[in-house]
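This note sets out, in numbered points, what may be read from the model shown below. Please keep the structure in view while reading.

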Amino acid sequence: YYLNPDYPKRLQHCYDSPVIIYCKGYTDLNVEKIVGVVGTRNVTEYGKMLTDKLIDDLVEDNVLVVSGLAYGVDTCAHRSALKNNLKTAAVLAHGFQTIYPSVNAGLARKMIESGGCLLTEHISGTEPDRENFPKRNRIIAALSTALVVVRAGRRSGSLITVNRAIDAGISVFSVPGNIDDSLSVGTNELIRDGAHPLLSAVDVIDELI
C-alpha cells in the first residue's frame, strides 16, 4: 500500500503511481543507486554486448538493475546482473499467475533466489495485454535514479519509459548507434533531443555519485 514504509519512495512521487504494488521476492527498492535498462526486443549481438559491458562495469557501484523481463535488452540486463551478483528487479505487465514471456520463467526464479524481485500493479489473473505495457514502463522510470536506453527504433516502447523519466527529472542515457541502423534511430534521436550520450559506464556512475 502506498502509505506503507516499504512502498518504494520514488514511486510515491509518481503522480499516477499504483495505490498497491505487489512484490514477489524481496529487495530494498529504496537503495540509492537504481539503474533502469530498457531497449528493443529485437536485440542484436552488438546490443547484447553493450548491455553486458554496461552492467559489468557497474558492479563496483553495487547498483540495483531494473527492467521489464521482456525479450531482448530487458532479458540481457537481468541476466547480466545475475552473472555479476547484482540484485535485479523486474516490473511485469500482468499478474503473478504467469510469466511473460514464458521462456523467462527460469530467469524470474533465479532473480528471486538471488535477492531480487518481481513487481506488478496487477492482481493475479491479469493477462499481459498490450495496454498494460506502457503502464508498466512508467513504474520502471519512476523507480530509477538513472535510465539507460541501449537500442531502440523510432517507435520503440522504450521511448514511453524515457518520456516518463524526463517528466520526473531522471537522467536519461542513450547509447549512440549507426545512423543507418533502424534499431538505433530512437537512441540517436534521443541524443539529438538532449539525452546524455552513453559512451561508457563512467557516464552513468558520475551521475549516480
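This is a predicted model: local features need pLDDT of at least 70, side-chain atom pairs count only at pLDDT 80 or more; totals for chains, interfaces and linings use all residues.

1. Ser184 belongs to the loop between β7 and α7. Is Ser184 buried or exposed? Its relative accessibility is 1%, and a residue counts as buried under 20%, so Ser184 is buried. As for its place in the whole, Ser184 and Val31 are 153 residues apart along the chain, and their C-alpha atoms are separated by 31 Å.

2. The C-alpha trace spans about 45 × 35 × 35 Å along its principal axes.

3. How much of the chain is buried? Buried residues account for 53% of the 209 residues. The chain exposes about 10000 Å², of which carbon and sulfur atoms supply 51%. Of the contacts between residues at least 6 apart in sequence, 72% join residues at least 24 apart.

4. On charge, the chain carries 21 positive and 24 negative side chains. The centres of these two sets lie 5 Å apart.

5. The side chain of Ser67 makes a polar contact of 3.1 Å with the side chain of Asp74. Leaving out residues up to four places away in sequence, Ser67 touches Val37, Asp74, Ala77, His78, Ala89, Ala90, Val91 and Ile140.

6. With a relative accessibility of 0%, Leu11 counts as buried. Beyond its neighbours within four places in sequence, Leu11 is in contact with Ser17, Pro18, Ile21, Ile139, Ala142 and Leu143. Leu11 and Gly95, 84 residues apart in sequence, are 19 Å apart in space, C-alpha to C-alpha.

7. Helix α6 deserves a point of its own. An α-helix has 3.6 residues a turn, so residues three or four places apart point the same way. Just after α6, Gly169 takes a positive phi of about 75 degrees.

8. Arg192 is situated in helix α7. Is Arg192 buried or exposed? Its relative accessible area is 60%, so Arg192 is exposed. The side chains of Arg192 and Asp193 are joined by a polar contact of 3.0 Å. Arg192 and Asp56 are 136 residues apart in sequence, and 27 Å apart in space from C-alpha to C-alpha.

9. Most residues other than glycine have a negative phi, and most peptide bonds are trans. Phi of Asn62 is near 50 degrees, a positive value in a residue other than glycine. Asn62 lies in the loop between α2 (45–56) and β3. Asn62 has a relative accessibility of 58%, so this residue counts as exposed.

10. Asn85 is another residue other than glycine with a positive phi, here near 60 degrees. It is placed in the loop between α3 (73–83) and β4. At 69% relative accessibility, Asn85 counts as exposed.

11. The last point concerns a peptide bond. The bond from Tyr100 to Pro101 is cis, with omega near -5 degrees. Where is Pro101 found? Pro101 occurs in the loop between β4 (88–91) and α4 (105–113).

How values were computed:
Residues are numbered from 1 along each chain as its sequence is written. Side-chain values use heavy atoms; hydrogens and water are left out. Buried means under 20% relative accessible area, exposed over 50%, partly exposed in between (1.4 Å probe, protein chains only). Contact means heavy atoms within 4.5 Å. Accessible areas come from the Shrake-Rupley method with a 1.4 Å probe; for residues, only the protein chains shown count as cover. Lys and Arg count as positive and Asp and Glu as negative; His and the chain ends are not counted. The place of a charge is taken as NZ of Lys, CZ of Arg, CG of Asp or CD of Glu. A polar contact is a pair of N or O atoms within 3.5 Å; within protein, one must be able to donate a hydrogen and the other to accept it, and residues adjacent in sequence count only if both atoms are side-chain atoms. Helices (H or I, at least four residues) and strands (E, at least two) are DSSP runs, numbered from the N terminus.
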